[in-house]
Amino acid sequence: MPIITIDSLDDARLEDYVGLTDVALRRRTEPERGLYIAESQTVLERALGAGHEPRSVLVAPRWLPQVEALLGDRDVPVFVGEEPVLEQITGFHLHRGALAAMQRPVLPDVAALLAHARRVVVLDGLVDHTNVGAAFRSVAGIGADAVLVTTACADPLYRRSVRVSMGTVLQVPWTRIDSLPAAMPAFHDAGFEVAAMALRDDAVDLDAYAAEAPERVALVFGSEGPGLGARAIHAADRVVRIPMHHGVDSLNVAASAAVAMWALRAPSTTAERP
């Protein structure tokens, strides 16, 4: 692989990395440009393990041997620069070893994603990338077969989402849907019952629902603050809530997803041992 030493940001080949502050990324069209940023060796390793292709890598000299080992015989340009130079290029301190500009994968078809799944999570309208990443990490660890995100949901492949998820957004199969009402036929065709997680008086408590849960369940979680909208709740087959105590009205959406997934985990799900 070509190893290219850099000493300034005045290099057109570094376009994927220049000014990667959160504010700058929100102004850029990463999905349209077909790339996402994998931050840290751990995330890069998981991205490569998922079959994603790197466009290039940006790394400090002390991390170069580890990155070379990860990339193997891939013909990918590796830009190497001292940490002050990298900070000047990216806009933040690169403390996790490496950044990689990765080619975005083609998202799977909804029907194909649901065909062999038993427990899936739907994220509807989450606006905080940290919450999206945390939700992915929670449900991945507990054993979700897939995650579906609505078009109103923050991008799971945004740099902060990927980082907070510890790369699990690259491991759990996921795709986008326009909205929950639009996707209901696909869920029903695949044999899923759709359970909206919402704080309503007519909702069934989670433990009661879990005791008689059907074989295939899709758990739907709404946005921070307002939660699920009325259209999504109306479209769902059931409404389920997590009982709260001490005057607390609800949990963070990522925590809610973890609790609900644990309660609804498929009977055959067992923890993987190292």
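Helices (H or I, at least four residues) and strands (E, at least two) are taken as DSSP runs and numbered from the N terminus. On that basis Arg74 falls in the loop that joins α4 to β4 (78-80). The structure is a predicted model.

## Overall make-up

The secondary structure of the protein comprises 12 helices and 12 strands. Of the 274 residues in the protein, 49% are buried. Among contacts with a separation of 6 or more, 78% are between residues 24 or more positions apart.

Val80 lies in strand β4. With a relative accessible area of 9%, Val80 is buried. Leaving aside residues up to four places away in sequence, Val80 touches Ile3, Ile4, Thr5, Ile6, Val59, Ala60, Pro61 and Leu64. For one of these, Thr5, the C-alpha to C-alpha distance to Val80 is 4.8 Å, across 75 residues of sequence.

## Helices α3 and α4

Helix α3 (residues 41-49) packs with helix α4 (residues 64-71) at an angle of about 10°, and the axes are 10 Å apart. The two helices are therefore roughly parallel, because angles under 35 degrees count as such. On the α3 side, the contact is made by Gln41, Leu44, Glu45 and Leu48. On the α4 side, Gln66, Val67, Leu70 and Leu71 take part. Sorted by class, the contact has five nonpolar, two polar and one charged residues.

Gln41 belongs to helix α3. The relative accessibility of Gln41 is 16%, so Gln41 counts as buried. Gln41 and Ala98 are 57 residues apart along the chain, and their C-alpha atoms are separated by 6.0 Å.

Most residues other than glycine have a negative phi.

Ser40 is placed in the loop between β2 (35-39) and α3. Ser40 is buried, with a relative accessible area of 7%. Met166 is placed in the loop between α8 (159-164) and β8. Met166 counts as partly exposed, at 27% relative accessibility.

## Aromatic rings

A search of the whole structure finds two aromatic pairs. Their geometry is set out below.

| Pair | Distance between ring centres | Angle between planes | Arrangement |
|---|---|---|---|
| Phe136 and Trp174 | 6.4 Å | 85° | edge-to-face |
| Phe187 and Phe192 | 6.2 Å | 70° | edge-to-face |

The planes of Phe136 and Trp174 are at 85°, so the pair is edge-to-face, because the cut-off for that arrangement is over 60 degrees. Phe136 lies in helix α7 (residues 129-142) and Trp174 in strand β8 (residues 174-177), so this pair ties together parts that are 38 residues apart in sequence. Phe136 and Trp174 are both buried.

In the pair of Phe187 and Phe192, the planes are at 70° to each other. Phe187 has 0% relative accessibility, so Phe187 counts as buried. Phe192 has 4% relative accessibility and also counts as buried, because buried means under 20%.

There is also a charge over a ring: the charged end of Arg265 sits over the ring of Trp262, at 3.7 Å from the ring centre.

## Ser138 in helix α7

Which helix holds Ser138? Ser138 lies in helix α7, the helix that also holds Phe136. When residues up to four places away in sequence are not counted, Ser138 touches Ala254 and Ala258. Between Ser138 and Val259 the C-alpha to C-alpha distance is 8.9 Å, and these two residues are 121 residues apart in sequence.

Methods: Residues are numbered from 1 along each chain as its sequence is written. This is a predicted model: local features need pLDDT of at least 70, side-chain atom pairs count only at pLDDT 80 or more; totals for chains, interfaces and linings use all residues. Side-chain values use heavy atoms; hydrogens and water are left out. Rings of Phe, Tyr and Trp (its six-membered ring) pair if their centres lie within 6.5 Å; planes under 30 degrees apart count as stacked, over 60 as edge-to-face and the rest as tilted. Buried means under 20% relative accessible area, exposed over 50%, partly exposed in between (1.4 Å probe, protein chains only). A charge sits over a ring if NZ of Lys or CZ of Arg is within 6 Å of the ring centre and within 35 degrees of the ring normal. Axes are lines fitted to C-alpha atoms, for helices over the stretch in contact, and angles run from 0 to 180 degrees between N-to-C directions. Angles under 35 degrees count as roughly parallel, over 145 as roughly antiparallel, 65 to 115 as roughly perpendicular and the rest as oblique. Contact means heavy atoms within 4.5 Å. Ala, Val, Leu, Ile, Met, Phe, Trp, Tyr, Cys and Pro count as nonpolar, Asp, Glu, Lys and Arg as charged, and the others, Gly among them, as polar.
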